[in-house]
Amino acid sequence: MKILLVGEYRENKLLDVTYDLIGFADKLEADKVMLAVGYEEDIPKFDGKLYLADAKALGEYNPSAHKQLVLDVVEKENPDLIVFIHSSFGWDLAPRVATSLKATQFTEVIDYKDNSFIVPSCNSKLRRELKSKTAKTVITIQAGAFTPLTEALGTPEIENISSDASSNVNFVAYEEAEEKGLDLTKAEIIVTAGRGVGKKDNIPIIQALADKLGGELGASRPVADNAWVDQSHQVGTTGQTVSPKLYIACGVSGAIQHLAGMKKSEFIVAVNTDKDAPINEVADILVVADVLQFVPALTSKLS
Amino acid sequence: MKVLVCIKQVPDMESKFKVNAQNNWFDENDLAYRINEYDEYAIEQAVQLKEQLSDVDVTVLCVGPARVKEAIKKALAMGCDRAVHIEDTESYIKDSSQVASLIADFAKDKSYDIIFTGMQSQDRGSAQVGVIVSELLNIACVSTIADFEYNEGITVKRELEGGLKSIIKVDTPVVLTCQLGLNTPRYPTLPNIMKAKKKELITIDSLELSSSDSLNETLNFYYPQKSGGSLILEGDVPELADKLIAILKEKTSVL
């Protein structure tokens, strides 16, 4: 099997998740070809061929130009699988490439066995096992699902390529997050409020437990989006990645993006009425209870 | 300006799902349905644009069986002007390219300036349909927008990872897929629910539109096996609190 891996650079730097692509190809024991837009001074380590497009000439992500580069390399290499990371880059570009190739696409692949791909469904409560019916298959893989077992080594053989496809969307600039304010990455204890907390008025209950434990208040995405808690408290892919000694998830269902931001916590307690919630997969303890009853009880017992 | 909003009806994600007899999707009975959360942001953005400009006509479109009319009615009550139901009882086994083909075939001769949709559905999570529609219609697409501004041209912010956003300018026609937090979706008011009953809702049989064959098949649909590591505590709340404190004292260094 031959796999084309599409690497990710941003703001002139190779992103670490690129090595997840190599981990995936190694799991399949496949021949690796990679395409990346970047710089010769900063290339991924692996044994194989690297098609490198000059980042200075191409600029930041440009869907039309990047799509053309992928299609050109597909034509030269005839890979069976074209693999992206499931990221803002991958989920934007993969369907464009798949449509051009009349290939099927599987999104956020978390496992591969016997020629079939496993993807999460229904907010990650369930799994679907899928099989491609097209000659080529395009996939995005979940970041963290295929981390390399060993440190990647090797120096790829580089072939320079370019694209002059004009784009109908115009990148203007990047915008950094506003005042980060709170640094959750150094917190030893985090008590996180999820959607199950119900409403903004209930946040003080969660805050009180965090205060009692001498920890910080965290928030899941819906809680931050609804402005129940300031965005600077958000844990997850688009928020902060944390690894405290104790993480208490209160009414957090455990969307994949949230799990990616907290699963390295040393000890995880989930408080939830739903035993099927995905947060329970990473939890050390699941307390099956109503957050609004259990959390105040726990806080008062800690006095 | 003509705007199309593509929505999907999905089960409440808190539901207790049962796998269907074919092992390829969930059993659709006994579930409460609602508008896909991401799509509510798409509806709201279209309605806000209508409130900003005087000449905006918003069509909401939904593919699915008869039950999706409920979702369509809510979108009309939120402020969309008219609706199209592409009736398809088999939509749950159609892949993203097939669903996108139906939408693109419907939209191809209607000259929509902006097509809004959610960045993904909560049940399938493929994040493909909007992007494929743009490819089939050969128009621009910006996915995962977390900010939208119309001021002659369109400026959006794409949400990237780790708090970073990219600012992008784009002209119409364009497909924009919406991320959570883009705006605050409104609740329909009672007068608007009443008004919605009089709005146009046309139904088209999906067989009247062109769609390709499925490019993949679902071999299995299942609950993942529990990792087995987690200890489940159930029972009386005060006792649960005592048990948890005892465990935290034993297993962690923080208490």
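Helix α3 of chain A covers residues 63-77, and at 1.5 Å a residue its 15 residues should span 21 Å; the end C-alpha atoms are 21 Å apart, so the two values agree. The expected span of a helix is 1.5 Å times one less than its number of residues. Helices (H or I, at least four residues) and strands (E, at least two) are DSSP runs, numbered from the N terminus. The model is predicted: local features need pLDDT of at least 70, side-chain atom pairs count only at pLDDT 80 or more, and totals for chains, interfaces and linings use all residues. Residues are numbered from 1 along each chain as its sequence is written, chains are lettered from A in the order in which they are written, and side-chain values use heavy atoms, with hydrogens and water left out.

Of the 15 residues in α3(A), 11 are buried. Here buried means under 20% relative accessible area, exposed means over 50%, and partly exposed lies in between (1.4 Å probe, protein chains only). Among the buried residues of α3(A) are Pro63(A), His66(A), Lys67(A), Leu69(A), Val73(A) and Glu77(A). After the helix comes Asn78(A), whose phi is positive, near 50 degrees.

A search of the whole structure finds 33 salt bridges over all chains. A salt bridge is a side-chain nitrogen of Lys or Arg within 4 Å of a carboxyl oxygen of Asp or Glu.

Glu159(A) is partly exposed, with a relative accessible area of 28%.

Glu234(B) is in the loop between β13 and α6 of chain B and Lys275(A) in the loop between β17 (267-272) and α8 (279-282) of chain A, so the pair joins two chains. Glu234(B) is partly exposed at 43% relative accessible area, and Lys275(A) is partly exposed at 37%. Salt bridges that share partners also join Lys67(A), Asp92(A), Arg96(A), Glu135(B) and Arg158(B) into one network.

Between the two chains, 78 residues of chain B are in contact (heavy atoms within 4.5 Å) with 77 residues of chain A. Together the chains bury about 6900 Å², 57% of it on carbon and sulfur atoms. Buried area is the accessible area (1.4 Å probe) that two parts lose on being put together, summed over both. The count between chain B and chain A is 10 salt bridges. Elements of chain B that each supply at least two residues to the side touching chain A include α4 (129-137), β7 (140-151) and β12 (216-222). α6(B) gives the most to that side, with 10 residues.
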